[in-house]
Amino acid sequence: MAAIGHIVERTSSGEVLSRAQMRARLIPDCMVEAKRIANTVISGWHGRRKRGIGENFWQFRPYSDGESLSRIDWRRSARDDHTYVRDREWEAAHTIWLWADLSPSMMYKSKFGAVSKESRALVLMLALAEILARSGERIGCPGVMEPVSARNAAERLAAALMHTPLSGGLPQTGMIRAVSDLVLIGDFLDPVDTIMARLAPLARRGMRGHIVEIADPAEESFPYAGRTEFTDPETGEKLTAGRAEIVGDDYRRAYIARRDSLGETLRHLGWTFTPHRTDHLASEALVAVHMYLSGMPGRATHGGQL
């Protein structure tokens, strides 16, 4: 039978950036209208805009007995019969580390997928950088770019990737502080125990994690029939099945069981898990992670049902 999938060439970060910016603009307007998100458009997604020590004006409020007279805004108070205090905004930009796993298995694309898993992972990572930077957060990429707080953080990340490409597997995290968020994007096809051996220590350090599992639709549905040759993109090993359809049901059950086990284990750690398929809009996964980073318990966008 004709080939269903193939290994693609790596996607350049410059090409993917423009697509990521387009995806970032697809966040529905209703998301911006939600109170917790609207309050964080400038200072971050995490609801930390409040009165405190900072440089930016926050609000006028009535003067209370006992407060320092130096805080009174006399110009505003002169407009009516009340005395007003000028409050400043407490600013606490958050640090969010973004990482996309570019292992050889991520280069896979079937005829059912819109793009390769690698391309989708890069789009999501840079789209998140675009939105987070717009909100004033600090964006970093382990081993690639130190955290920066800048409107052009996505462009800077794309440029950094051109000089220090992402490697396969999970990143080194020794430089990440416990108060940070870590967004990991990949296919996570390793055994669950192997994955959790790397992630559980991060959770114990107090790190907040968000896992986005990228899947090609052929990996879920197993649309193979007849004599089929399978090649492991990581090792190059080959397996030939005389009648591939015979193992289809067992494969699908095992695939879903692995995903469910990974998701459940991550949730026990307090981390979030978002499955996503490459035949779905990238904005679906973007909205799900947006909700989690905003501290809103929205439902994850699942990659589809078998």
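**Close-up views of a predicted model**

**View 1. Arginine 258 and the ring of tyrosine 255.** The charged end of arginine 258 lies over the ring of tyrosine 255, 4.7 Å from its centre. A charge sits over a ring if NZ of Lys or CZ of Arg is within 6 Å of the ring centre and within 35 degrees of the ring normal. The model is predicted: local features need pLDDT of at least 70 and side-chain atom pairs count only at pLDDT 80 or more, while totals for chains, interfaces and linings use all residues. Residues are numbered from 1 along each chain as its sequence is written, and side-chain values use heavy atoms, with hydrogens and water left out.

**View 2. Arginine 76 and the ring of tyrosine 84.** Here the charged end of arginine 76 sits over the ring of tyrosine 84, at 4.2 Å from the ring centre.

**View 3. The aromatic cluster.** One aromatic cluster is formed by Phe222, Tyr224, Phe230, Tyr251 and Tyr255. Five aromatic pairs are found in a search of the whole structure. Phenylalanine 222 and tyrosine 224 form an edge-to-face pair, with 5.0 Å centre to centre and 75 degrees between the planes. Rings of Phe, Tyr and Trp (its six-membered ring) pair if their centres lie within 6.5 Å; planes under 30 degrees apart count as stacked, over 60 as edge-to-face and the rest as tilted. Phenylalanine 222 and tyrosine 224 are both buried (under 20% relative accessible area, with exposed over 50% and partly exposed in between; 1.4 Å probe, protein chains only).

**View 4. Helix 7 against helix 9.** The axes of helix 7 (residues 192-204) and helix 9 (residues 248-268) come within 10 Å and cross at roughly 20 degrees; helix 7 is therefore roughly parallel to helix 9 (angles under 35 degrees; over 145 is roughly antiparallel, 65 to 115 roughly perpendicular and the rest oblique). Helix 7 contributes Val192, Ile195, Met196 and Leu199 to the contact, and helix 9 contributes Arg258, Ser261, Leu262, Thr265 and Leu266. Contact means heavy atoms within 4.5 Å. Axes are lines fitted to C-alpha atoms, for helices over the stretch in contact, and angles run from 0 to 180 degrees between N-to-C directions. Helices (H or I, at least four residues) and strands (E, at least two) are DSSP runs, numbered from the N terminus.

**View 5. Arginine 259 in helix 9.** Arginine 259 is located in helix 9 and counts as buried because its relative accessibility is 6%. Beyond its neighbours within four places in sequence, arginine 259 is in contact with Glu213, Ala215, Glu220, Phe273 and Pro275. In the protein, buried residues make up 49% of the 306 residues.
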